[in-house]
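Open the model in your viewer and keep the selection tool at hand. The stops below follow one another.

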Amino acid sequence: MEWNFTPFEVLAGKVIYTLEQYRADLREDVAETLSALNLDETSMEFYNNFVFVFFYWIATNQSILSYKKLVEQNLPEDSPVRQALTDMVFLESMKQDNENLIDMLRALMAMFTVNCLKSGSDIEQAKKDLQLEIGFARTL
């Protein structure tokens, strides 16, 4: 994904870009990246979720090793993609190759939280609202 604006511009309120728009752009990017695999809708949704959760995990300053453990806990041992998706070299590479997308997600989450606080929510409510917007929260 390429934007003609930066995470800082989003955070500063100079550009309006939402978590919903980010998710849609990410879905499109993942679909384009994996188009040669001719995946069914369920498989495509799995990979979209895998990528989004990974970006969220890194954007919230969690370690790649803890993400690997999360995936291992949630994928059956006999899953044909388990080994590939928990490979540390792959995960490190995915992080390095997507720093701009992770930074944008980080900025969007910060902006969402700031907007909640500006609208009168306390920090605990802002956290809950962000969890609802994201669809989950860190579990490790």
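Which side chains meet in a salt bridge at 4.0 Å, N to O? Select Glu72 and Lys68: their side chains form that pair. A salt bridge here is a side-chain nitrogen of Lys or Arg within 4 Å of a carboxyl oxygen of Asp or Glu. This is a predicted model, in which local features need pLDDT of at least 70 and side-chain atom pairs count only at pLDDT 80 or more, while totals for chains, interfaces and linings use all residues. Residues are numbered from 1 along each chain as its sequence is written, and side-chain values use heavy atoms, leaving out hydrogens and water.

Both Glu72 and Lys68 lie in helix H4 (residues 64-74), 4 residues apart, about one turn of the helix. Helices are DSSP runs (H or I, at least four residues), numbered from the N terminus. Glu72 has 28% relative accessibility and counts as partly exposed; buried means under 20% relative accessible area, exposed over 50%, and partly exposed in between (1.4 Å probe, protein chains only).

The whole structure holds 3 salt bridges. For another, select Asp103 and Arg106, at 2.8 Å, N to O, 3 residues apart in helix H7. Then go to Lys127 and Glu124, at 3.4 Å, N to O, 3 residues apart in helix H8.

Next, select helix H2 (residues 19-33). Its buried residues are Leu19, Tyr22, Leu26 and Val30. Seen down the axis of H2, they fall within an arc of 65° (directions from the helix axis to the C-beta atoms), so they line one face of the helix. Turn to the face away from the buried side of H2 for the exposed residues Glu20, Glu28 and Glu32.

Technical notes. Helices (H or I, at least four residues) and strands (E, at least two) are DSSP runs, numbered from the N terminus. The expected span of a helix is 1.5 Å times one less than its number of residues.
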